[in-house]
Amino acid sequence: MHERLTWFNALPAADAERELSACCASPSWARAVVASRPYATPEALVTTGSATLAALPWPDIAEALAAHPRIGQRADGDGRDATWSRREQAGVADSDEATRLALHEVNRAYEARFGHLFLIFANGRSPAEIVAAATARLANGAAAEREVVRAELSRITALRLTRLMDE
């Protein structure tokens, strides 16, 4: 059995929810994932996390979004979620001034259009790819964009659950 998974399965529910909050900041999501313990494998945890996120109503997704920094902005704090966010956005951390300005402008336009921050699985993407994706997503309708956001959040959450199990 996976040692870290054994630890997670044995945590009191409140502690397990707190650990999961670094992966996805929706308390409803964390409660549901914890309620499905014990997990036989880390992959089962990730699968349940993804399925649970897919079923969340939009207000819970919006709550999770609110915990993310804007793309191109450094996450504050020294918590696990902030550390992971900085790592995920490492590709944009050293952007030149023109790219930082483009990120700022596309973030502003996106938030004005959709009413929430632009979320993207930034791991391994260049700043130019992120700006291009944000610009393209401005053409989405609100319902279509919510599904894109949900998918991006699911990818981020799956990566973070894997990291939680690998620590």
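Predicted model: local features only at pLDDT ≥ 70, side-chain atom pairs only at ≥ 80, totals over all residues.
Side chains of opposite charge can pair when their charged atoms come close. The structure holds seven salt bridges, among them one between the side chains of Glu 167 and Arg 4, with an N to O distance of 3.0 Å. This pair joins distant parts of the chain, since Arg 4 belongs to helix H1 (residues 3-10) while Glu 167 lies in the segment after helix H10 (142-166), and the two are 163 residues apart. Arg 4 has a relative accessibility of 18% and therefore counts as buried, the cut-off being under 20%, whereas Glu 167, with a relative accessible area of 47%, is partly exposed.

The closest N and O atoms of Arg 108 and Glu 105 are 2.7 Å apart. Arg 108 is partly exposed at 48% relative accessibility, and Glu 105 is likewise partly exposed, with a relative accessible area of 32%.

In a further salt bridge, Glu 145 pairs with Arg 137, their closest N and O atoms lying 2.5 Å apart, and both of these residues are buried. Arg 137 is located in helix H9 (residues 127-137), and because its relative accessibility is 8%, Arg 137 counts as buried. Beyond residues up to four places away in sequence, the contacts of Arg 137 include Tyr 110, Phe 114, Phe 118, Leu 119 and Ile 120, as well as Glu 145, Val 148, Val 149 and Glu 152.

Terms used: Residues numbered from 1 in each chain as written. Heavy atoms only, no water. Helix = DSSP H or I, 4+ residues; strand = E, 2+ residues; numbered from the N terminus. Buried < 20%, exposed > 50% of the residue type's maximum accessible area, 1.4 Å probe, protein only. Contact = heavy atoms within 4.5 Å. Salt bridge = Lys/Arg side-chain N within 4 Å of Asp/Glu carboxyl O.
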